[in-house]
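Biologist: I have a model open and want to learn how to read it. Can we go feature by feature?

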Amino acid sequence: MSAFTVTLPSGEVWTPRFVQRIDEATCIGCGRCFKVCPQGVLELVGLDEDGERVMIDPDGDEDEEYEKKVMTIAHGGKCIGCTACSRICPKKCYTHAALGS
Ligand code: SF4
Ligand code: SF4
């Protein structure tokens, strides 16, 4: 099956690469990817000492009951495959793939 592509107004053919995975082991929760995503795909969550996800209270104290913060894919279906998140990530956490590839 050939990959899903988009023909730009210039005539150039562009292949979107959609977000597949964020490596929780390498993510430092810096939030850079969250700021550049135009689609609201991403969400910062806390991980407790057992690796379970806990909600982060944006107005809460820093010493809440999580060990570390990691970025997660909350709304993957809204991704447009721009790869801005991957390009800004300092820890190379992202895996992307073209549709149908
Ligand atoms: S590829 Fe683009 S739209 Fe998809 S999660 Fe990354 S920044 Fe958001
Ligand atoms: S930019 Fe990379 S290291 Fe920073 S929160 Fe996003 S995935 Fe994690």
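Modeller: Start with the ligand. Around ligand 1 there are 13 residues, and Cys37, Cys79, Cys82, Thr83 and Cys85 come nearest. Near means a heavy atom within 4 Å. This is a predicted model: local features need pLDDT of at least 70, side-chain atom pairs 80 or more, while totals for chains, interfaces and linings use all residues. Residues are numbered from 1 along each chain, chains are lettered from A and ligands numbered from 1 as written, and side-chain values use heavy atoms without hydrogens or water.

Biologist: How does the shell around ligand 1 divide into nonpolar, polar and charged residues?

Modeller: Ala, Val, Leu, Ile, Met, Phe, Trp, Tyr, Cys and Pro count as nonpolar; Asp, Glu, Lys and Arg as charged; the others, Gly among them, as polar. Here the shell has nine nonpolar, four polar and no charged residues.

Biologist: Which residues have the most contacts inside the largest nonpolar core?

Modeller: Such a core joins buried Ala, Val, Leu, Ile, Met, Phe, Trp, Tyr and Cys residues through side-chain atoms within 4.5 Å. Buried is under 20% relative accessible area, exposed over 50%, partly exposed in between (1.4 Å probe, protein chains only). The largest core has 16 residues, and Ile22, Cys33, Leu42, Met71, Cys93 and Tyr94 have the most contacts inside it.

Biologist: How many salt bridges does a search of the whole structure find?

Modeller: Side chains of opposite charge can pair when their charged atoms come close. The cut-off is a Lys or Arg side-chain nitrogen within 4 Å of an Asp or Glu carboxyl oxygen. The search finds one. Arg53 meets Glu24 at 3.2 Å, N to O. Arg53 is exposed at 53%; Glu24 is partly exposed at 27%.
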